[in-house]
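Dear colleague,

Please find below the structure I am handing over to you, together with its sequence. My findings follow it.

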Amino acid sequence: MSLNANTDISSLARKVVEECKLIHPSKLSEVEQLLFYLQNRRKTSGKERREKRVVKPRDLTPFEGMEIDEEANINKVDEYVELLYEGMEEKIHGATLILHLSRNPDNLEELLKNETALGALARVLREDWKQSVELATTIIYVFFCFSSFSQFHGLVTHYKIGALCMNVIEHELKRYDLWQDELKDHEKAFKKYQGLLVKQEQLLRVALYLLLNLAEDTRTELKMRNKNIVHMLVKTLDRENEELLVLVVSFLKKLSIFLENKNDMAEVDTVERLSRLVPCEHEDLLNITLRLLLNLSFDTGLRNKMVQVGLLPKLTSLLGDENHKQIAMCILYHISVDDRFKSMFAYTDCIPQLMKMLFEHGEERIDAELISFCINLAANKRNAQIICEGNGLKMLMKRALKLKDPLLMKMIRNISQHDGPPKHLFIGYVGDLAAQISPDEDEEFVIECLGTLANLTIPDLDWELVLKEYNLVPYLKDRLKPGSAEDDLILEVVIMIGTVSMDDSCAAMLAKSGIIPAIIELLNAQQEDDEFVCQIVYVFYQMVFHQATREVIIKDTQAPAYLIDLMHDKNAEIRKVCDNTLDIIAEYDEEWGKKIQSEKFRWHNSQWLEMVESRQMEEGEPFIYGDDGEMERPDLFYSTDGITPASGAVSPDFFSDPYAQNGDGKHRYLWSIL
């Protein structure tokens, strides 16, 4: 949709907000106003454009107390220049008159033609800036007026005003440190200090504004970085002048988009100094500070600093502020990515606020930032318990099932992975989840529903009844065919089969359906994918515990042969599951037991030979075998004696669980979930 005189501004504004995820819906009216302005603006001359800049006081008013002097006359510039060659008071007066002229954009081009005037101002600044703060402030302000327009940046650069400003700022920051030391010893100097501070901060403000304007050119910005601009700005964050702080934080925010500048900020205590500004009464200062923190929060080390300095509860408190909650939430989301910090959210009122926001959306799609944040938090067990308090889980399930929202179901899936009370709450929703497993449903939604069901490793759950009632076996079997669906969905089907196979009768039903050959075919197709291989082997591991399925696997399939091939896989977890599964097979089938023993011996023997030969090559030792190279040590063969009790009963708990949960209760997946 284009913008012209006939465009419907309201419709266009809604489309912009919908398409741009960075614009919160609450900003719709502001977007409309901006579009209305763009629609009604007309082409203007350079002079008219400069006139429009006058209405932006933040651009052209770096400090208060100066109004345009009606006595200043553009035709008398040469007279004002002559004052610059006299005493200090005359110099200040001459510079002030020229400043009054330069604050009117109409005069800038005329002043530009007067090289004598500009050259004199630059010379006086270079020679006398240490003599008078007022003189330095006034002259820098003149050049600041030029810097407000990109076409005049060449002029400012020509007179090296940027470099001079860097020197001025560095000098004034050192003076400030000296004043601080003097105040400790002389309380009487406080009043004098306050007066000096006001003048100094005016000078700093106009100098920094000029530099900010010049930093539009990235080459100029790089020169500033080389002169330590980041450290100077961070040092200025200790000031109390809010307008100066707005400028400094804005400058830092602009710089922070470049990696080198961000690294400079990481080297000094930027986050610590910014933390005192959150929250603050000055709305603009708070807003720009949060935006800077958001830029910095992409760095892991700086996120750590934010937590260390206590920003987590401060940011959480801003979730209730309509003006700042979106940015605060984005920063908190970045913090929640790190597992170390997820548990800390349980000690704030963050989760109740997020749950309230979720349910306030009605039937609208939940904001990506909000639901992503909730998904991260739900991966922590304590957070999951807080989410489920009251009717939390019930409300989430109701909304997810009604709207078929895959992201909300992903949050629910994360909750379901935790052992204890949260997991048992899902017993009442097994049927609802199973009903969603259908080829007619959205694939992403089905993936999350399957993942949630697969997490429900609850002993008393009758999986056979669930599979029969919702006729899931044909669906699961069809989805095992390579290429029948996206790999993510097929993988979830395999994991689901592994979970339900813990149930004896359910495992037998699956075996009778012919699902085991389908799994072997899938193993052939996905043999290069460790995730698939590991989960398929785990299915075999579960099925060999049950007599009915064990017989099918051993007698009617080539699964043991595949497992033998995988005994020495490069993936340690795959090797572990294979070993445990083959140990059970060897105990119950003598023929396969011999093959497994032989293969284990062959492998370990070859490894040992390689080690000996390698050592021989390194040390020059003679070969230690006889002519035939055979070993006569039958005790080196592996045996499965003692693996199972005399009764022959085998329990999954008897073996070490290759999918043991880690400390934070994550799902038994063997891969990382981002």
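Helices, as the term is used here, are DSSP runs of H or I with at least four residues, numbered from the N terminus. Please note that this is a predicted model.

On that numbering, D487 lies in helix 33. This residue is partly exposed because its relative accessible area is 38%, which falls between the limits of 20% for buried and 50% for exposed. D487 also belongs to a negative surface patch, whose other members are D442, E443, E444, E486, D488 and E531. Two elements, helix 30 (443-455) and helix 33 (487-500), each give two or more residues to the negative patch.

Some backbone features in the loops also deserve mention.

K160 has a positive phi of about 55°, although it is not a glycine. Its place is in the loop between helix 10 (153-158) and helix 11 (161-185). With a relative accessible area of 57%, K160 is exposed.

N471, likewise not a glycine, has a positive phi of about 50°. This residue is placed in the loop that runs between helix 31 (463-469) and helix 32 (472-479). N471 counts as exposed, at 54% relative accessibility.

Finally, the peptide bond from V278 to P279 is cis, and its omega is near -10°. P279 is found in the loop between helix 17 (270-275) and helix 18 (283-296).

Yours sincerely,
A colleague

How values were computed
Residues numbered from 1 in each chain as written. Predicted model: local features only at pLDDT ≥ 70, side-chain atom pairs only at ≥ 80, totals over all residues. Heavy atoms only, no water. Patch = residues over 30% accessible without salt bridge, like charges linked within 9 Å, V, L, I, M, F, W, Y side chains within 5 Å. Areas by Shrake-Rupley, 256 points an atom, 1.4 Å probe, with all protein chains shown as cover. Salt bridge = Lys/Arg side-chain N within 4 Å of Asp/Glu carboxyl O. Lys, Arg positive; Asp, Glu negative; His and termini not counted. Charge placed at Lys NZ, Arg CZ, Asp CG, Glu CD. Buried < 20%, exposed > 50% of the residue type's maximum accessible area, 1.4 Å probe, protein only.
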